[in-house]
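Hello,

Here is the structure I promised to pass on to you. Have a look at it first, and my notes on its charged pairs follow below.

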Amino acid sequence: MKQFDIITEADARTLDIGSTVELAAGGHVTPLAKDTLAARRVTVVGAGSRDAGAASALVPASDIRRVAIGNDHTGVAMKRAIVQHLRGRGLAVTDLGTDGTAPVDYPDIAGAVALAVQRQEADAGIVIDGAGIGSAIAANKVRGVRAAMCPDETIARYSREHNGANVMTLGSTLLSGPDAALRIVDVWLGTAMREERYIRRLAKIKALEDRAARD
């Protein structure tokens, strides 16, 4: 997040629409800058703001270096292609199985990947089952995990940019093959969450999660 001692109109015009910036203690925003900031939907928070810090802490890592991946018996070939692809890009990949065709239950695999993300043992997680739906449901039961089933590149981008997904699920029977999966994975891993309005909504999602835990 950018920090300023003073924000002028010239500064305000360079800021991304919908972004959030920090103003140092005792800092100043010029009158013309206030109008420009409002027009560009830029949020200004005080340095060290509790709300800004809490929301920003929920944003998934944009520079993903470690990925946890797992699959059920339907996704063995697709998982292998993704692992090879990611390691070829220099990423550290933790393969949580399975490697055989004997049936396994997707909640076990999805749970293992989700826990790796929750414990910050991985920056992001990928789970593959037949349709990708069940694994998303299971992974979302792990506190702090936001899993999205990504059937195409558009949903992959939206799930990261708009919803801050830190786990993606793929349906091995719904995609045309490993190449389609790799394209989806690359878009998902390469999309960052930056706009303040989307980040603010993560805090509301967390509030729902906290409320459910108390009930």
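**Salt bridges in the model**

R183 and E153 form a salt bridge, with their closest N and O atoms 3.7 Å apart (the term means a side-chain nitrogen of Lys or Arg within 4 Å of a carboxyl oxygen of Asp or Glu). R183 sits in helix α8 and E153 in helix α7 (residues 153–161), so this pair ties together parts that are 30 residues apart in sequence. Helices here are DSSP runs of H or I with at least four residues, strands are runs of E with at least two, and both are numbered from the N terminus.

Please keep in mind that this is a predicted model: local features need pLDDT of at least 70 and side-chain atom pairs count only at pLDDT 80 or more, while totals for chains, interfaces and linings use all residues. Residues are numbered from 1 along each chain as its sequence is written, and side-chain values use heavy atoms, leaving out hydrogens and water.

Helix α8 (residues 178–189) also holds D186, the partner of R89 in the loop between α4 and β5. The closest N and O atoms of R89 and D186 are 2.7 Å apart.

Another salt bridge joins D99 to K79, at 3.2 Å between the closest N and O atoms. D99 is in the loop between β5 (92–95) and α5 (106–118), and K79 is in helix α4 (residues 76–88). K79 is buried at 0% relative accessible area, whereas D99 is partly exposed at 47% (buried is under 20%, exposed over 50%, partly exposed in between, with a 1.4 Å probe and protein chains only). K79, D95 and D99 are linked in a network of salt bridges.

The whole structure has 9 salt bridges.

Best wishes
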